[in-house]
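Subject: Structure handover

Hello,

Here is the structure I promised you. Please open it alongside this note.

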Amino acid sequence: MAELATREREPAEILAFYAKAGTEALTGRARELCLERHGRRILLRGLIEYSNRCACDCLYCGIRRSNARVYRYRLEPEEIAALARKGYAAGLRSFVLQGGEDPAYAEAALPRAVEMIRESCPEAAITLSAGILDRAAYGRLKLVGADRYLLRFETSDPELHRSLRGGVGLGRRLEALVDLADLGYQVGSGYMVGLPGETEETRVDNALLCRELRLDMVGIGPFIPHGDTPLAGSPQSPIELTLRAAALVRLLLPDAHMPATTAAGSLDPEGREKMILAGANVLMPNITPPSAKRNYLLYPGKICLDEEGETCIGCLSLRMKTIGREISFDRGDAPRLGGQAKVGAGTDLDHEAAVPAAAPSSVPLAQAASSSVPAKEGAHA
Ligand code: SAH
Ligand code: SF4
């Protein structure tokens, strides 16, 4: 395996290495490959947690609909755009707008926020993470200027997925990912590590599904049990499990952009550094105002709740220096686009059409989704 980093390997070979390698050897190999493909620079994405209202009741999540102890908020489009402008002035060229699944908000307020950011931050990449919406809603968001979308599949085990997501099946998530790829989004997905009921086989399948979907971005983080959810009291997996997962995904998907997640930093004070040393190449400074992010607790123990965005960027820069890396303000488009991603690509499309015609995408999500799910579960589950 000495030259793993310098040539593409078959999944079987990678899995054999994963199965027998200790964590140090595994993460070391992933780190080498990451350095080779992405260099020493760690891409920044400014995270805006715009709303904690959610129509879903995912068992694992602290802001699930049934958690009556959450103080609910929705930022106005103007507030979201102002946060992005502030981040833009600080140098950020990539923003992630994340919130609960809230179709009414996604219909009106979210497109307005995207439109305003597109106008005032012309060079910036806009990524959304707003859950499952219908294809027309994804289309409208693309038209007003969204470039990328993050929608984790959470777990590739269909039964576990359905039981954790209030009866909504894995097939529906994969269908949404197909819609996003068809519409020309750069697509990200991923999963939590250490969910109750997950096995080592699930973890391997999770990583293989990421490869099968040929994702542009993969988000992985430890599941952290929240006291106000039905999964309160579930065991906490060690950070090592997440590091092994990140390393495996890096080996299987050398080009994918992979964040060192806040959940990893919340579970272990050096969790993000450890993820970067296991193959991650992205960091997400949280630029949500403290008054809002305090109420966006998907899991307990979330870090940086009192910091303003600029402080987060400064802190991350210092943290990266301690591991010999440096932060980068590049947009960080998917390598498959060869650095040619068109700013606000969606805005050129015909506004008459409610949904843009399928934009070309090299992401064979449709194939992958149909080959991986129905064997275990119906596509419209
Ligand atoms: N509502 C959107 C985006 C917000 S949730 C969606 O669900 O896609 C973003 C991510 O937080 C989820 O995809 C899930 O993987 C993660 N998450 C939720 N609860 C968590 C927990 N208890 N521990 C760790 N990650 C969690
Ligand atoms: Fe809502 Fe996302 Fe939390 Fe599920 S994980 S309850 S969709 S915010």
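Below are the conventions, then the helix packing and the strands.

This is a predicted model: local features need pLDDT of at least 70, side-chain atom pairs count only at pLDDT 80 or more, and totals for chains, interfaces and linings use all residues. Residues are numbered from 1 along each chain as its sequence is written, while chains are lettered from A and ligands numbered from 1 in the order in which they are written.

Helices and strands are DSSP runs, numbered from the N terminus (helices: H or I, at least four residues; strands: E, at least two).

**Helix packing**

Start with H10 (residues 239-252). Helix H2 (residues 23-38) packs with H10 at about 40 degrees, and their axes are 9 Å apart. Axes are lines fitted to C-alpha atoms, for helices over the stretch in contact, and angles run from 0 to 180 degrees between N-to-C directions. H2 and H10 are therefore oblique to each other (under 35 degrees is roughly parallel, over 145 roughly antiparallel, 65 to 115 roughly perpendicular, the rest oblique). The crossing of H2 and H10 is left-handed (the near helix is turned anticlockwise from the far one by less than a right angle; clockwise is right-handed).

On the H2 side, the contact residues include Leu-26, Ala-30 and Leu-33; on the H10 side, they include Leu-243, Ala-247 and Leu-251. Contact requires C-beta atoms, placed from the backbone, within 7 Å. The H2-H10 contact has seven nonpolar, two polar and four charged residues (Ala, Val, Leu, Ile, Met, Phe, Trp, Tyr, Cys and Pro are nonpolar; Asp, Glu, Lys and Arg charged; the others, Gly among them, polar).

Helix H9 (residues 200-212) also packs with H10, at about 30 degrees and with axes 9 Å apart. H9 passes H10 in a right-handed crossing. Ala-207 and Cys-210 are among the H9 residues in this contact, with Leu-248 and Val-249 among those of H10. The H9-H10 contact has six nonpolar, no polar and two charged residues.

**Strands**

S8, S1 and S9 form an open parallel sheet, in the order S8-S1-S9. Pairing takes at least two DSSP bridges. S8 (282-283) and S9 (326-328) are the edge strands, each with a single partner, so one side of each lacks a neighbour in the sheet. Helix H14 (residues 309-322) packs on this sheet and touches S1, S8 and S9. Three bridges pair S1 (residues 41-44) with S9. Arg-41 stands opposite Glu-326.

S2 (residues 46-51) runs parallel to S3 (residues 94-99), and five bridges join S2 to S3. Leu-47 has Val-96 as its bridge partner.

Best regards

Notes. Contact = placed C-beta atoms within 7 Å. Buried ≥ 20, exposed ≤ 12 C-beta atoms within 10 Å, placed from the backbone.
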